[in-house]
Amino acid sequence: MKLFLVTLFITLLTFASAASQTRFIDQALANPVDDTVELMTSFYKAAFSLKLNLTTCEADLDESADEIIKAINTLVNATSIQDIYTAGMDIYLGGQHLYAGFHDCQEAWPVIQEGIHDLKPFADHPAKIILALSTAMATHPIEFPRDAYNFYNALSSHPVNFNLAGSSSGDIIHLLLKNM
């Protein structure tokens, strides 16, 4: 559960690279930390109705975000099993550093923990995610596809719209949690 938030973020990044045919990773990011903060802030607001303030933590997260971005780029461009293994380990280690950096953010950490706690049903009942997904799609026939479409478009745009990506993915998680 400790690295669940980081795993979720890495999953979003991996989806982003596949969805946008690696433009997300290959484009020049002005500041990966600013992009991460924008994504996480809008995600927390949409998914949990929580105000996440990471502005006090940015300096601690630069190196970790760079590690993860480089590792995802390596994974996307992997030519061997060794590349995949190395990228996976680098993502894991970068995730640990990112987690430690978030943990050092005294003001933001309680909000981060509350969001992680709200995601607990995913870890406790992973098989119910499929049922929640189909229920959310059936009970929200306009909202769910719109959010999925917005998420895809946010990650496919140049430059990536991290605010829209965070809010759209947060809306999807919110719908899934309502149906679990």
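1. Helices here are DSSP runs of H or I with at least four residues, and strands are runs of E with at least two, both numbered from the N terminus. On that basis the chain of this predicted model reads α-α-α-α-α-α-α-α-α-α along the sequence. The count is 10 helices and zero strands.

2. The chain as a whole. Of its 180 residues, 43% count as buried. Among contacts with a separation of 6 or more, 79% are accounted for by residues 24 or more positions apart.

3. Ala78 sits in the loop that links helix H4 (58–76) to helix H5 (81–103). Is Ala78 buried, exposed or partly exposed? Its relative accessible area is 25%, and the partly exposed class runs between the 20% limit for buried and the 50% limit for exposed, so Ala78 is partly exposed. Leaving aside residues up to four places away in sequence, Ala78 touches Asp83 and Ile84.

4. Helix H5. This helix has 23 residues. From its first C-alpha to its last, H5 reaches 33 Å, close to the 33 Å expected at 1.5 Å a residue. The buried residues of H5 are Ala87, Ile91, Gly94, Gly95, Leu98, Tyr99, Gly101 and Phe102.

5. Helix H9. Residues 143–156 form H9, a helix of 14 residues. The distance from the first C-alpha of H9 to the last is 20 Å, close to the 20 Å expected at 1.5 Å a residue. Buried in H9 are Phe144, Asp147, Phe151, Ala154, Leu155 and Ser156.

6. How H9 packs on H10. Two packed helices are described by the angle between their axes and the distance between the axes. For H9 and helix H10 (residues 162–178), the angle is about 150° and the axes are 8 Å apart. Angles over 145 degrees count as roughly antiparallel, and H9 and H10 are therefore roughly antiparallel to each other. The crossing of H9 and H10 is left-handed.

7. The residues between H9 and H10. On the H9 side, the contact is made by Glu143, Phe144, Asp147, Ala148, Asn150, Phe151, Ala154 and Leu155. H10 contributes Leu164, Ala165, Ser168, Ser169, Asp171, Ile172 and Leu175. By type, the residues of this contact divide into nine nonpolar, three polar and three charged. Some of the H9 residues in the contact, including Phe144, Asp147 and Phe151, are also listed as buried.

Terms used:
Residues are numbered from 1 along each chain as its sequence is written. This is a predicted model: local features need pLDDT of at least 70, side-chain atom pairs count only at pLDDT 80 or more; totals for chains, interfaces and linings use all residues. Side-chain values use heavy atoms; hydrogens and water are left out. The expected span of a helix is 1.5 Å times one less than its number of residues. Buried means under 20% relative accessible area, exposed over 50%, partly exposed in between (1.4 Å probe, protein chains only). Axes are lines fitted to C-alpha atoms, for helices over the stretch in contact, and angles run from 0 to 180 degrees between N-to-C directions. Angles under 35 degrees count as roughly parallel, over 145 as roughly antiparallel, 65 to 115 as roughly perpendicular and the rest as oblique. A crossing is left-handed if the near helix is turned anticlockwise from the far one by less than a right angle, and right-handed if clockwise. Contact means heavy atoms within 4.5 Å. Ala, Val, Leu, Ile, Met, Phe, Trp, Tyr, Cys and Pro count as nonpolar, Asp, Glu, Lys and Arg as charged, and the others, Gly among them, as polar.
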